[in-house]
Amino acid sequence: MDYLALAELLFPHITAQPADLEARFPARALPDGACVTRFAPSPTGFLHFGALYGSLIDMLLARQTGGRFLLRIEDTDDKRTVENGDALLIDGLADFDIVFDEGAVASGDNGAYGPYRQQQRRGIYQACAKQLVREGKAYPCFCTEDELAAKREQQSAQKANIGYFGQWATCRDLDLVTIQQKLTDSQPWVLRLRSTGNAANSVAFHDLIKGDIKFPENEQDIVLLKSDGIPTYHFAHAVDDHFMRVTHVVRGDEWLASLPVHVQLFDQLGFELPQYAHTATIMKISEDGGKRKLSKRKDPEADVRYFKAAGYPKQAVLEYLMTLLNSDYEEWRAAHPTADAADFDFRVEKLSPSGALFDFAKLTDVSKNVVAAMDAETVFNHVAAWAREFDPAFAANLTADPTKSQAMLSIGRGGDKPRKDFAIWSEVPRYLSFFFDDSYAITDPLSAKLTPAQQRQVLETYANQFSLTVDAQQWFGQVKTIAAPLNFATDNKAYKQNPDAYAGNTGDFVMVLRVAVCGRQNAPDLYSVMTILGEEHVKARLLAAAEALA
């Protein structure tokens, strides 16, 4: 076979040589040990939580080694590509501060190693394909779908391995004249790899997470280019990772089965194999108590947009992901509570080979801690941004008086033990509801101990005597002064010794006020709430609650 003639016959329009591509995409000038990583999703829909997990690993590897992190859109499968799928991915990553050094952007490309969308790299793939043909490592296959199906039926009947290899690879040794005639007759063809592998032989491989593994050589003559000239994933990723100078590939362990193909492809192309890290699938507890994969169909949290809509701070989601990546992260965080997570000494080798378990309770706990550490202005800005998109009515209330709203959010914030009233921004509208008249309502009983008549007496008496021109400590003394004549114990020790002698204690008195002002028993510091509302507003609520008891 004249392979040079065959290459020109198949790719007469391709003039670029591999040497041209090597010059166009030179080795990167990076320090020793620098990792070049890539996140390479297909634009088939929303960004999966597992993809966010993997992209964070990619970003950390690049950042902590002085390398580069790039975004490549693998859009060669037209049937699975959705409209604006790349924008969904880019926006979803940006929402969680996944920042790329180069790659695909909404307006095109940013970087010298592009194009970063595979549909725009057809000439690069075909130049490499042509070189494989020149070297006798690839050939055209004209088998129809019906012929391939017939081969699979025969293989099944003979209990042979399924695929296009060995005696079943009937186009492997077609002569040049036959190939030329088929091309002249416009018969569709795909380009296949001429495999040199033998499934009886094994290949030793070191994975950064799984450790040392072995697998059989690839014996299949896999498709490299489809009949429309578009590459398969296997071929495209090998070419792209080489010419983008990727050193480390992080991907799900569902790709372990493809390792024999990928190792062989890099070898046949003459490219250095990158290091691989195959992450285990993120699991969750199933309805029957077992474990199952986080499902696109069953689990709304599989779509990262869920966390944005629910109002999880992006810092909390990333902090939670860090706890999944390395088991010693929580210990490090406890010792460095205010440090940037990027300062943590992340190691891909410490990723669990058995996978992580998604835990909503833990995420919520992490989120409460993250929110509690924020100052009121930061919380206000985050909540306002969330509400503008997901709760416009609340956004209007919150942003009407930003200074007042920040005062609301500052209650119990700061100090060694800040309050943890909410974990996500979608909980804030209810948390602050009593501050706004259109959402204020009394939903809890004023008291479980006092009669309606006693409750009304408390409300009316306090409403006519209280003042907020005092500090918090003086205010509580004022409360005791007003409560004592109504037979409420101001000495808790005395109350415990003889509770039947009193209508209640100061706490019982304050609870009636709290519910009347806030509408519920569980609310922030009452004095702080009242000072924000103002005396007239508070008095009106107290008297309205008293009137409702008449």
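Cys141 sits at 2% relative accessible area, so it counts as buried (under 20% is buried, over 50% exposed, and partly exposed lies in between, with a 1.4 Å probe and protein chains only). This is a predicted model, where local features need pLDDT of at least 70 and side-chain atom pairs need 80 or more, while totals for chains, interfaces and linings use all residues. Residues are numbered from 1 along each chain as its sequence is written, and side-chain values use heavy atoms, with hydrogens and water left out.

Back to the cysteines. The closest cysteine sulfur to that of Cys141 belongs to Cys143, at 3.8 Å, which is too far for a bond. A disulfide here is a pair of cysteine sulfur atoms within 2.5 Å, and the structure holds zero of them.

Cys35 is in the loop between α2 (18-24) and β1 (36-39); helices are DSSP runs of H or I with at least four residues, strands are E runs of at least two, and both are numbered from the N terminus. Setting aside residues up to four places away in sequence, Cys35 touches Leu61, Ala62, Thr65, Gly67, Arg68, Thr247 and His248, where contact means heavy atoms within 4.5 Å.

Here is how some residues compare on burial:

| Residue | Relative accessible area | Class |
|---|---|---|
| Cys35 | 5% | buried |
| Cys128 | 3% | buried |
| Thr76 | 9% | buried |
| Arg245 | 17% | buried |
| Ser186 | 60% | exposed |

Thr76 belongs to the loop between β2 (68-71) and α4 (85-94). Leaving out neighbours within four places in sequence, its contacts are Gln118, Gln119, Lys226, Ile230 and Pro231.

Most residues other than glycine have a negative phi, and most peptide bonds are trans. Ser186, in the loop between α7 (176-184) and β6 (190-193), has a positive phi near 60 degrees. Arg245, in the loop between α8 (233-243) and β10 (248-252), also has phi near 60 degrees. Gly114 and Pro115 are joined by a cis peptide bond, with omega about 5 degrees, and Pro115 lies in the loop between β4 (108-110) and α5 (122-134).

Finally, a helix pair. α14 (residues 376-390) packs on α15 (residues 392-400) at about 145 degrees, axes 6 Å apart; axes are lines fitted to C-alpha atoms, for helices over the stretch in contact, and angles run from 0 to 180 degrees between N-to-C directions. Phe380, Val383, Ala384, Ala387, Arg388 and Phe390 of α14 meet Pro392, Phe394, Ala395, Leu398 and Thr399 of α15.
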